[in-house]
Amino acid sequence: MSNIIEKSGKISEASECYILSAVGDEVEFENNKLKGIYHSESSGSAVRIVCDGKIGFSSSTKENNDEKLLSSAIHTARYGRYYDFEFAGSNYSSDVTCFDIDVKNFSVERMVDIGRDIIDTIKEYDPDILAFASINKDVCNVAIANSSGIEKEYDKTTFYVCGGGKLTEEGNFLYVYDFKAASSVIDESDIEDIKKKVIDDFKTAKKNVLFKSGRYSVLLSPGAVADLMAPVTACSNAKSIQKGISPWRDKIGEKVFDERISIYDDGTAKEGVASCPFDDEGVPTSRTTIIEGGILKGFYNDLATAYALKIKPTGNGMRGMSINSIPSPAKTNLMLSGGDKTFKHILANINEGIFIDQLIGTFTSNHLEGNVSGNISLGYKIEHGILRGRIKDAMFSVNVFEALKNNLICLSKEVIWKGSSRFPYILLDDIFINTKA
Amino acid sequence: MKSLLKETVKNIKADYAEVRIEDTTETTISFQGPILENIGETQKFGGNIRVLVNGGWGFVTFNSIDRLDDKLSIAVNNAKTAGREVTEKLSLAEVCAAEDNIMPILLHNPQDVSLDSKINLLKGYNEFILDYHEYIKSSTIRYFDRKTKLFYVNSEGTYIEQEKMDMGCNLMAMAVKGVNTQYGFVGRGSSNDYNVITGLEDELKKACDKAISMLHADPITGGEYTVIIDPKLTGTFIHEAFGHLSEGDNVYEDSNLQDIMKLGRKFGQICLNVYDSGLDSGHRGYLKYDDEGVPARKTYLIKEGKLVGRLHSRETAGKMNEAVTGNARAISYEFPPICRMRNTCIENGETPFEDMIKDIKLGVYAKDAFGGQTNGELFTFTAGEAFMIRDGKAAEMVRDVTLSGNVFTTLANIEMVGNDFEIHDSGGGCGKGGQMPLPVSHGGPHIRVNNLVIGGKGD
């Protein structure tokens with residue numbers, strides 16, 4: 001890496017080299033049986049070079065390809081973006097460990113055992129279910145060097161377990177799953193949670209119930225809350241602030257949500273699977289307060305947008321685990337604070353409502369407008385505090401800015417990690433849910 | 001390369017094996033507002049080995065072709081472990097071994113166009129957007145072109161060298177008024193012609209006008225509606241509503257679903273014909289061979305309302321005792337091939353648009369795709385632009401139109417199929433099994449569908 005920086009030093013004003021290498025294994029169970037075992041080894045480099053004040057970019061997964069890498073970057077620098085910000089200057093990193101040797105040493109055989117256990121448990125509950133499971137482990141190394149003198153790297157492990165099943169019958173198709181992801185080995189109790197959730201969902205969803213379009217109390221699971229948070233990440237992304245398209249661009253210090261809402265992006269969170277010591281530009285990760293007590297506090301950024309907006313870099317300049325992309329602002333671990341009532345208590349006190357566990361299609365909504373609109377792909381009717389049965393053909397459509405300001409009843413005490421997000425259950429009031437006549 | 005690959009596959013002790021090497025060069029250009037954000041040149045080189053032993057699959061992917069023997073052993077060991085529990089024999093559907101070397105016939109190769117010209121073209125579009133109107137506050141422009149040299153060999157004697165071209169461009173205008181942000185966009189893609197992205201000023205003007213109009217439109221009232229869908233959105237609709245359901249891996253080991261998806265079963269009215277084809281050259285879903293070396297075909301899924309076909313890989317076709325179709329695709333060497341779509345269309349019908357709209361008292365005219373999703377049973381898709389239909393005419397513009405339906409029942413609700421067929425390629429792609437965005441195309445004419453549920457606030 002320092003080789004590239006040294007070589008580029010002779011022909012450029014500034015340069016940066018990013019190397020990502022990874023080894024991964026996956027065990028896949030499909031339709032009740034072990035289907036395949038996959039292994040991947042990847043390595044690639046990406047270079048940003050500044051010539052005549054403009055940035056060129058190139059990347060390659062070819063070994064011993066420094067000359068081509070540099071010449072491509074120089075070629076693209078002729079037309080590239082103006083270098084107004086600066087590459088990272090400090091060798092400081094945040095105090096985060098994201099490597100577990102037990103993940104690295106975890107055998108494929110043991111991964112197969114985890115999958116088989118999930119499959120067997122589901123099949124024992126109902127042999128008609130076509131069960132599936134996926135167990136992944138990944139070990140990667142991220143290294144960055146630049147002409148400002150920084151040179152650092154870190155090792156990271158990721159362990160992922162997913163289990164679920166599908167049940168098909170005439171006019172009815174049920175697809176249920178749950179998953180856990182962490183930097184360390186997923187332990188037995190978490191796997192028990194996955195199995196329990198999947199079976200509970202199959203039990204509750206077995207029966208369909210009809211309901212009328214109308215206004216309801218709506219309880220969203222942490223998985224569904226993730227959909228609700230999409231406008232938050234879109235509008236607090238420093239790039240959309242810089243472009244003048246985020247509705248939050250002039251609202252720092254203003255109350256945008258109910259005062260019980262606090263939202264953080266934290267690249268240093270101990271249990272967060274996205275945690276790492278520095279971002280993909282070499283900037284130390286940090287905890288960024290986006291919303292506190294309902295008030296808009298900050299935006300997550302990368303070096304270019306931090307410079308443009310004259311704000312402190314937050315260490316969110318990410319490349320999406322791909323060497324083909326330049327860094328841009330991306331969330332790390334997104335966390336929403338919980339409330340004071342347990343999920344059990346909240347559910348018990350809902351006389352009539354809708355429980356939404358999964359939504360589909362919301363990624364196409366206009367998030368900058370605050371819109372989240374999708375089909376309730378797994379949801380239930382609540383009557384007298386009990387989940388009566390599954391609802392179908394139901395659409396959920398809200399403006400999140402209105403809903404989290406005016407329609408919030410409460411947040412659950414429990415906060416649950418779903419991938420790199422940690423959310424409570426959320427209960428909203430007076431939400432229109434429409435369905436077929 | 002040919003001898004290396006043939007030698008490697010010869011040494012693999014397995015029921016079936018294949019090796020794939022890929023060498024890709026890509027140019028990307030992006031603008032964010034007035035800032036030229038990035039010009040990049042990327043080289044992606046790598047390969048994989050996929051092996052079948054006793055019904056279990058082993059797969060290894062790598063960037064370096066050093067120590068291929070070690071990688072081979074890992075693949076075989078993985079396959080052996082996976083195959084240990086298999087009780088049923090797995091036989092892949094038979095195909096003839098093929099030796100072929102394919103060079104695409106390019107109308108206008110984007111890699112022959114200088115970086116300078118590409119940037120000037122896109123810069124021109126960007127300035128057009130940003131200068132258009134005081135409400136147009138920003139833009140996003142993304143362009144890529146990619147040439148891939150593919151080397152494929154399998155243990156049955158197939159050896160194919162293919163060169164492929166893929167290109168996509170998305171031009172987006174953002175209109176802002178206070179806290180309201182709306183989009184208009186133009187998307188184009190091709191597998192053989194750079195010129196599909198030239199001369200887009202008229203389209204861009206419409207996109208900008210649309211974004212501005214959306215600022216003043218009301219969100220749609222949620223409900224169940226009769227909807228006329230334009231050709232662009234029809235493509236997304238059929239992709240989500242039926243394309244994914246037709247992928248063989250959904251059905252090949254699901255006996256209940258097989259009963260439901262019996263060939264010959266009526267799914268739609270007689271005016272409905274649906275196909276998926278890899279043969280439409282120029283479109284992003286074009287391929288001569290799929291990623292198992294199977295020649296691509298035009299596969300009918302629905303003919304005159306009845307189910308007649310599915311989209312298979314060799315494994316799913318073998319299991320179901322049906323013909324191969326050439327639908328096994330991997331987005332890159334990093335993944336194994338799985339059942340994917342290519343160019344999925346509702347075939348041209350007979351009803352002119354004027355006849356579709358004239359007797360709708362209250363409905364929706366939904367246009368332009370913004371994406372969609374399915375969970376197997378239910379699907380959604382979002383319109384880029386929509387209008388209420390009142391008393392047989394297009395009326396006021398509405399926004400936030402996400403439509404939803406049930407895959408088993410919605411096809412039967414297609415009442416009319418139009419006579420203005422188009423195929424559309426955008427700069428995006430399809431996602432499945434972590435492999436996204438896969439280049440696909442889709443198309444159709446205007447169609448009229450009953451009883452689509454649209455999300456929104458109540459009255």
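In this predicted model, C235(A) has a relative accessibility of 0% and therefore counts as buried, the limit for that class being under 20%. C169(B) is likewise assigned to the buried class, because its relative accessible area is 1%. For C169(B) the closest cysteine sulfur is that of C208(B), and since the two sulfur atoms lie 14 Å apart, the separation is too far for a bond. A disulfide is counted for sulfur atoms within 2.5 Å, and over all chains the count comes to 0.

| Cysteine | Relative accessibility |
|---|---|
| C235(A) | 0% |
| C169(B) | 1% |

C208(B) also takes part in a helix contact: Y125(B), F128(B) and I129(B) of α3(B) meet E201(B), L204(B), K205(B) and C208(B) of α4(B). By class, this contact holds 5 nonpolar and 2 charged residues, with no polar ones. Helix α3 (residues 115-130) and helix α4 (residues 201-215), both of chain B, pack at an angle of about 30 degrees with their axes 10 Å apart, and the crossing of α3(B) with α4(B) is right-handed.

Turning to the strands of chain B, β6 (residues 159-177) runs antiparallel to β7(B) and is joined to it by 11 bridges, with G168(B) standing opposite G189(B) of β7(B). The two strands form a hairpin with 2 residues between them, and in the turn G178(B) has a positive phi of about 65 degrees. Strand β7 (residues 180-190) of chain B is largely enclosed by the rest of the structure, because 11 of its 11 residues are buried. Both of its faces are covered, with V186(B) and R188(B) among the buried residues on one side and Y183(B) and F185(B) among those on the other.

Note on methods. Residues numbered from 1 in each chain as written. Chains lettered and ligands numbered in written order. Predicted model: local features only at pLDDT ≥ 70, side-chain atom pairs only at ≥ 80, totals over all residues. Heavy atoms only, no water. Buried < 20%, exposed > 50% of the residue type's maximum accessible area, 1.4 Å probe, protein only. Axes fitted to C-alpha atoms, helices over the stretch in contact; angles between N-to-C directions. Helix = DSSP H or I, 4+ residues; strand = E, 2+ residues; numbered from the N terminus. Left-handed = near helix turned anticlockwise from the far one by under 90°. Contact = heavy atoms within 4.5 Å. Nonpolar A, V, L, I, M, F, W, Y, C, P; charged D, E, K, R; others polar. Pairing = 2+ DSSP bridges.
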